[in-house]
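Please consult the sequence and the structure shown below. The briefing that follows is grouped by topic.

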Amino acid sequence: MAEFPKSYNPEEAEKKWYETWAAKGYFMPEANPAGEPYSIVIPPPNVTGSLHMGHALNATLQDVLTRWHRMGGRRALWLPGTDHAGIATQNVVEKSLAVEGTDRHRLGREAFIERVWDWKKEYGDRIIRQLKKMGTSADWSRQRFTLDEGLSKAVREVFVRLYEEGLIYRATRLINWCPRCKTALSDLEVEHEELEGSLTHIRYPMLDGRGHITVATTRPETMLGDTAVAVNPDDPRYKGFVGKLVELPLMGRKIPVITDSAVDPEFGTGALKITPGHDFNDEAIAKRQSPPLPVVTVIGEDGKMNMYAGAKYEGLDRFECREVVLNDLREQGYLENQEKYTHSVGHCYRCRTVIEPFSTPQWYVRVAPLAEEAIKAVREKRIRIIPEGWENSYFAWMENINDWCITRQIWWGHRVPVWYCDDCQEATVAREDPSECASCGSRNIRQDADVLDTWFSSALWPFSTLGWPDETDDLKAFYPTDVLVTAFDILFFWVARMIMMGLKFMGDVPFRDVYIHALVRDPEGQKMSKSKGNVIDPLVLVDKYGADAFRFTLAAFAAQGRDIKFQEERVQGYRHFINKLWNATKFILMNRRGTAPLMDIEGYEAASKPSELSSKWILSRLAATTDEINAALEDYRFNDAAGSIYQFTWHEFCDWYIETAKTEMSDEVRDTLLYTLEKVVRLLHPFMPFLTEEIWQALPIKRKADSIMVSEFPQALPRDAGAEALMAKVMDAVTGVRNIRGELNISPAEELDVFIKPINEDVALELRDNVHYIKRLARAKSVFIDTEVSRPKGSYTSVKDHFEVYVKLSGIDVDGELQRLEKERKKIEEPLTVLKKKLHNEEFLARAPEHIVEKEKQKYDDLIKKQNKVLDSMEKIKGLKV
């Protein structure tokens with residue numbers, strides 16, 4: 001066997017093993033052909049995307065689950081792919097056209113779409129390459145794209161079926177409109193922000209000359225499209241106004257004063273201007289009237305005032321028009337007053353432009369019947385949402401869901417499969433492109449220019465990627481999928497819609513579990529954004545520390561329901577963990593007998609009956625750790641699983657068992673070391689795939705598999721509670737001596753006289769039987785154990801649960817040590833006083849950001865602990881004089 005390298009080289013190992021795994025087909029479910037199916041579909045990243053911390057966390061957790069189940073013998077499929085991301089991708093290509101001095105309209109639709117496909121071929125796989133760099137074991141042979149041929153067929157099939165069942169319809173109504181992207185947006189694609197604006201009070205004169213009625217509005221420019229003034233029917237202030245006409249200022253139109261119970265008497269003046277063409281609530285009020293109020297649209301799709309706004313205002317930007325209207329109202333005596341007013345303003349989720357309610361014909365999905373079944377599936381626990389608290393958000397949204405506007409006024413995407421006849425005006429909805437009108441046979445037909453919302457095709461992802469509408473083997477084997485791992489921000493955009501579509505078209509849920517992971521924030525708990533300059537690039541960390549250290553950090557941080565305050569220091573810490581395990585491997589291999597046969601791991605497991613307490617203990621702790629990791633991963637407690645393997649490997653295996661091995665290297669210990677190491681790397685593999693493969697391949701063991709990837713994940717073994725309890729007492733005794741060394745700055749090389757006073761004779765007997773461990777690990781010259789022992793004069797004490805430890809000291813300068821500790825105490829006292837004063841300052845607590853206050857509190861708590869430790873040491877040292 002080749003000599004084990006001095007240090008671990010992540011870059012070299014990652015390239016070598018990823019290429020090997022891919023070449024041998026280990027990412028494919030066929031690697032375990034007889035196994036029970038297990039499947040995950042990746043939340044498809046946008047084809048425009050590059051890897052960010054959210055992607056990295058999401059991919060790591062999915063890969064941990066996939067590798068764990070693959071090693072568990074399952075026929076594991078992690079199905080990857082990307083989303084065509086309609087608006088985002090079109091924006092990217094349009095920007096490049098602008099640099100060339102042209103635009104999509106000059107290019108024409110077909111040529112523009114060709115340009116987007118060219119862009120996709122060149123840049124579209126960037127994020128896939130980045131995911132591979134993370135070590136993701138997705139089956140790239142099954143990679144899908146939401147605009148590929150198979151998924152396009154599925155989209156057509158779903159649209160046509162829903163249309164045939166009356167669940168898709170076309171209607172002209174107000175929608176959220178982005179004047180910059182020039183497309184409709186669903187409610188979920190509108191991001192609201194609290195902004196300070198003005199509440200403008202405007203006088204509308206009564207047509208009969210008897211006074212006026214004052215309305216209050218945040219959008220005075222829309223008054224040009226008013227068709228009524230509404231008041232609450234129970235508002236006594238306006239009893240004499242209802243049914244009369246007022247004159248619309250600046251426009252001279254006559255509009256009625258109407259009643260509607262939706263009007264809030266407490267808002268503004270209690271009188272509401274009604275603009276059905278530019279406000280959703282106003283549109284609803286207008287439709288409730290008999291007859292319905294007319295709709296006047298005064299703002300066009302480009303955000304500029306149109307001809308219906310009047311000649312003076314036509315062509316002005318809506319915000320520019322606002323100022324002109326306010327000035328005219330002021331000059332003509334209609335402006336009563338203005339007051340500051342904070343309100344919620346909707347913005348396009350892509351370009352941050354303020355959205356405009358705009359009336360256009362669009363296609364909608366009638367969602368209520370679909371939502372009813374989706375609600376039931378979660379209530380009946382056919383789908384579990386984890387953490388469970390997200391179920392309430394899901395129900396709240398689904399129970400108040402509106403019909404889904406599914407058309408977008410862009411060119412990149414699935415084109416609406418509807419053709420309009422210019423002769424009979426009827427529409428043809430078809431699975432295949434028709435050559436003539438289905439109603440009259442005319443060939444004078446044209447396809448709807450709009451495309452479907454990106455989320456429409458994404459909603460079909462769990463079954464369309466497996467071949468639906470065809471009855472494929474993959475669809476039969478892997479649907480429903482087992483779990484969806486996703487972020488909370490697409491619970492409604494995507495998760496809810498997949499549930500609705502899966503139930504509708506497959507008759508079953510799309511996944512059994514939905515695991516919603518946390519948001520990755522910066523070290524101060526702030527959301528990462530380019531504008532704040534606090535974005536952490538995952539690939540920089542992978543290059544700096546290796547993929548395994550970065551992956552392990554993400555998993556260790558991933559506690560359910562708690563956002564991640566990401567710190568690079570943790571990645572560095574787990575890189576040290578890798579070094580620790582690497583050095584442990586070198587030690588174990590170095591101590592193997594040169595001519596020893598390859599170890600049969602299963603044979604050792606079946607026949608081994610170690611005699612040494614330390615070996616019994618480490619095998620029992622290994623069994624416990626194995627149980628903990630399997631249980632944690634079963635419950636999606638990734639941080640607990642990572643914590644268990646870290647704690648066992650570093651603190652129990654390396655710090656204790658290997659240290660005992662150095663004092664008693666026997667054949668039994670050599671075998672136990674190798675056996676435990678082999679189990680450790682298998683337990684660690686889902687988190688650190690590259691390191692563990694590198695180590696596993698170097699071990700002198702008999703292998704049933706060519707790769708650790710397809711080896712068996714460790715399962716439960718018997719525990720030895722007695723050995724664990726006994727070793728805990730031995731470790732306590734050693735720790736007691738080590739603590740005294742640390743507190744008194746005694747050199748590790750100095751051998752000490754140790755006295756132990758157990759609480760009873762049983763404990764005394766246990767410790768005497770294992771005194772060789774205490775003596776070697778504590779570096780004791782002598783160890784005296786007796787229930788009647790008295791504390792020796794000039795000794796230092798450590799109190800434990802089952803005994804007291806006394807270390808007899810000689811040559812300690814008690815006064816000098818007290819002076820040293822007093823200096824340390826004073827050094828702590830100064831910053832402690834400053835922090836105490838700051839944390840009692842009400843102005844600081846009120847004005848400082850929350851994360852700064854928390855940081856200062858943590859500093860204060862740390863200093864208090866440090867101060868208490870120094871004071872405790874001083875008291876103990878004073879006792880040496882007794």
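On a 1 Å grid over the protein atoms alone, a cavity is a set of points where a 1.4 Å probe fits but cannot get out, and its lining residues have an atom within 4 Å of a point. This is a predicted model, in which local features need pLDDT of at least 70 and side-chain atom pairs count only at pLDDT 80 or more, while totals for chains, interfaces and linings use all residues. Residues are numbered from 1 along each chain as its sequence is written, and side-chain values use heavy atoms, with hydrogens and water left out.

- One cavity of 30 Å³ or more is counted, where grid points are joined across faces, edges and corners and a volume is the space filled by probe spheres set on the points.
- The largest cavity, with a volume of about 30 Å³, is lined by Val365, Val367, Leu370, Trp404, Arg497, Met500 and Met501.
- Helix 15 (residues 491–506) supplies the largest share of this lining, three residues; helices are DSSP runs of H or I with at least four residues, and strands are runs of E with at least two, numbered from the N terminus.
- The lining comprises six nonpolar, no polar and one charged residues, where Ala, Val, Leu, Ile, Met, Phe, Trp, Tyr, Cys and Pro count as nonpolar, Asp, Glu, Lys and Arg as charged, and the others, Gly among them, as polar.

**Helix packing**

- Helix 16 (residues 538–545) and helix 18 (residues 568–590) pack at an angle of about 30°, with axes 11 Å apart; axes are lines fitted to C-alpha atoms, for helices over the stretch in contact, and angles run from 0 to 180 degrees between N-to-C directions.
- Helix 16 is therefore roughly parallel to helix 18, a term for angles under 35 degrees; over 145 is roughly antiparallel, 65 to 115 roughly perpendicular and the rest oblique.
- Leu541, Lys544 and Tyr545 of helix 16 meet Glu568, Val571, Gln572 and Arg575 of helix 18, contact meaning heavy atoms within 4.5 Å.
- By class, this contact has three nonpolar, one polar and three charged residues.
- The axes of helix 17 (residues 547–557) and helix 21 (residues 638–661) come within 6 Å and cross at roughly 120°, so the two helices are oblique to each other.
- The contact between helix 17 and helix 21 has seven nonpolar, one polar and no charged residues.

**Backbone features**

- Ser290 and Pro291 are joined by a cis peptide bond with omega of about -5°, and Pro291 is in the loop between helix 8 (280–288) and helix 9 (318–331).
- The peptide bond from Ile386 to Pro387 is also cis, with omega near 0°.
- Tyr636, a residue other than glycine, has a positive phi near 60°.

Notes. On a 1 Å grid over the protein atoms alone, a cavity is a set of points where a 1.4 Å probe fits but cannot get out, and a pocket is an open set with protein on both sides within 12 Å along at least five of seven lines; lining residues have an atom within 4 Å of a point.
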